[in-house]
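My notes follow the structure.

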Amino acid sequence: MPLILLTGFPASGKSARAQQLKEYFSTIIKKNVVLLSENDVVKNKQIYSDASKEKELRSTLKSEMQRLISQDDVLILDGGNYIKGYRYELYCSTKSNKTTQCTLHIDTSSEQAWKQNLKRDETCQYSQENFDALVMRYEMPDGRNRWDAPLFTIQPEDELPFENIAAALFERKAPAPNQSTQSLPLTSTNFLYELDCVTQEIVNRVVEAQKTCVIGDEVSIPNSSEKFLLKRRYQLSELSRIRRQFISFAKTHPVDDIPRLAAMFFQYLTSHLV
């Protein structure tokens, strides 16, 4: 199913837009539509104050999305989807399934979203603390990123560009899957060793470069033609955490080509750094 990924602040009106999309594609385009909503999984908004439970929520939604996605019909994912790295992982899933996707950013201001939140039933409201935390952590989608593109940004008063969204899903070729998105069997007995060495070398290079470079400098990445832009100071603990996540991801997406492995980690690293 081609994927429509909704994103925006809490209580920004994403679910209302998701229903409009479902009605359009089912009645006008005559497609089978599946609406996968975060609201159907979250029974208590306090889940957002517990990082482990919120992580479990994202994992549940991702697994269900991967189960439902195919090259036919339409899948609408209604949720905050506020983490750039998480949107990248969803993009990898659609790419590996050879289907299209687009991102719909519901660009409601935090002030208006909070007013809409207060109009909800108390059991469905976000607390002020959770609301503010989610707004603060929100990573705005950027149409220049391939995992956010094509990007449609919608203001509260806007009509949905239904025809443009349909064209993005059905009149555009899906990105071709490659070894960074296809699950393959282990192709080399020393793959895990190479994976460990290549990723550690890149982390070490970034850490060492920060001792002599200034913000705005570019750092050459070992085993790759890519260059890492120093946008701020990065802690070793932060880089190591993302490296561990990538290693878990890469175990199901192994490659023999070391430069490609380095490029994969570079892309993963830059997409997960805030």
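I looked up the largest pocket, and about 850 Å³ of space lies in it. The model is predicted: local features need pLDDT of at least 70, side-chain atom pairs count only at pLDDT 80 or more, and totals for chains, interfaces and linings use all residues. Residues are numbered from 1 along each chain as its sequence is written, and side-chain values use heavy atoms, without hydrogens and water.

A pocket here is an open set of points on a 1 Å grid over the protein atoms alone, where a 1.4 Å probe fits, with protein on both sides within 12 Å along at least five of seven lines; lining residues have an atom within 4 Å of a point. Volume is the space filled by probe spheres set on the points, joined across faces, edges and corners.

I found 27 lining residues for the largest pocket, with Lys55, Arg58, Ile83, Glu89 and Gln245 nearest its centre. Domain 1 (3-181) and domain 2 (190-273) both contribute to this lining, so the pocket lies between them. The domain bounds come from an automatic or database assignment. I noted 28 Å between the two domain centres, taken over C-alpha atoms.

Next I checked the second largest pocket, with about 350 Å³ of space. Of its 30 lining residues, Lys14, Glu38, Gly79, Gly80 and Tyr126 are closest to its centre.

Last, I looked at Phe246. Leaving aside neighbours within four places in sequence, Phe246 is in contact (heavy atoms within 4.5 Å) with Leu195, Thr199, Leu261, Met264, Phe265 and Tyr268.
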